[in-house]
Amino acid sequence: MLVQEFRHRRPLALLLPFLVIAVLGPMLIGHCGVTKAAARPLPAPRAWPGAELPPVMLPGAAGLPAVAPVALPTPPPAAEAAPIVDLDHIRLERGRYVGTAADGRTVELTLDPALQKRADEVLRRAGVAYGAAVFVSIPDGKVLAMTGRSRLEPQRTVTDLTLRPWAPAASVFKVITSAALLDGRKVKADGRVCYHGGGGRLLRENIEDRPRLDRRCADLAHAVGLSTNSIIAKLAHRHLDPDTLRRYVDAFGFNAGLQPSAAFPFEVAASPAEVPSEDLEFARTAAGFWHVFLSPLHGARIASAFANAGLMVGPRLVERVRGLDGQVTEPRAPEPVRVIPADVARDVGRMMVGTTRFGTARGAFAGGGRRRLGYEVAGKTGSLSRAKPYTHYNWFVGFAPAGHPQVAFGVIVGTDGRNIKAAEVAREVLKEAALKDGRSNTLMARK
């Protein structure tokens, strides 16, 4: 109606200049407009309180918004500068992945050739609509594998799919809530909680004590391993409040991305997390329903905190830079950040072993009653689906070996009907890592 009224009130002659601008403007702007649009940062996904996931996750058939690697605004001193390389066009030289920057410098990457090749191969063969995997070493944070693929949008770059929060965190968020519950001993890991329902959705009756209905009882460790929504939601409702949970959200790096650095020369978009104040919606969020999104790199870093005595590693992708004059420089290793006490990290890490031993990832790691790897893996699954277009988001974040962590990972697949799980992707990549559950680190990545 506003447009029609405007047309009725303005003579056609007055509209001619606007019509000329509308027709010729794009022709005059040309390539500049495309360049600016491509460089525009990914908008933070909105969190919805309802059952449908927000369209911003995969807007229409076009999928993810394009995100270009962030170039450094001015060349910093050579000792600290690591030029941007195109991760989709790196090459293998003398057993190392390298890339060439626009200024001709050669950038040697931390990527492990066997893990990188295997991760990319598994995602390619799976043919997932969208998928990404990031593996980092413990305790130094070197990126050993970082890859992403999309069958629906093959033009999506590695940085699009690994450094942007395009999927809901789902039940991965349960490890954050569990850390908050255990810190300060608000609850005991083996304290039993009686519950009912909460499998597909959480209602108010699921977070309140209903003795006539609460006929099943289990502890927090089983709730993490089996991803039991009602137990996590009920404990959060009893023992936490929004301000407390927000402190852990902030500590684990949500709502704050990473700026490019010499060690990791790409911008990492913030993983948005909203902690509602309304009690039922707060309990739902604590259990992994909506409101929180996660990037694969951030998922690997969260897992690293539980593997690394509460210290979340900073990512390092650049091993060294070789200039045109032959001079070699190495970036400073990023400092890890303490997010939780060591004892809390240890306790949650032990709970995450239950995921692969008897829980939601048992089929991937303990099928047939025996381990499919020579060691145990600690992890957390997460899954949510959206209806239009149908996409099932499936996470697996964790670390291995569980007894002596050497690698942490974040894997996400978005499928449109094909049956592959993120835990299966992680297992296949870990087969290439040659890890042993002992003091000796046999990870093939070079140190």
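Me: Is valine 158 buried or exposed?
Reply: Buried, because its relative accessibility is 6%; buried means under 20% relative accessible area, exposed over 50%, and partly exposed in between, with a 1.4 Å probe and protein chains only. This is a predicted model, where local features need pLDDT of at least 70 and side-chain atom pairs count only at pLDDT 80 or more, while totals for chains, interfaces and linings use all residues. Residues are numbered from 1 along each chain as its sequence is written, and side-chain values use heavy atoms, with hydrogens and water left out.

Me: Which helix does valine 158 lie in?
Reply: Helix H5, residues 158-162. Helices (H or I, at least four residues) and strands (E, at least two) are DSSP runs, numbered from the N terminus.

Me: And what does valine 158 touch?
Reply: Leu87, Asp88, Met146, Thr147 and Gly148, leaving aside residues up to four places away in sequence. Contact means heavy atoms within 4.5 Å.

Me: Switching to H15. Why is helix H15 largely enclosed?
Reply: Because 8 of the 9 residues in helix H15 (422-430) are buried. Among them are Arg427 and Glu428.

Me: What covers the buried residues of H15?
Reply: The cover includes helices H4 (113-126) and H14 (362-365), plus strands E4 (130-137), E15 (391-400) and E16 (407-415).

Me: Which residues touch the most other members in the largest nonpolar core?
Reply: Phe252, Phe254 and Phe306, out of 90 residues. A nonpolar core is a set of buried Ala, Val, Leu, Ile, Met, Phe, Trp, Tyr and Cys residues joined through side-chain atoms within 4.5 Å.

Me: Where does the largest share of this core come from?
Reply: Helix H12 (residues 296-307), with 7 residues.
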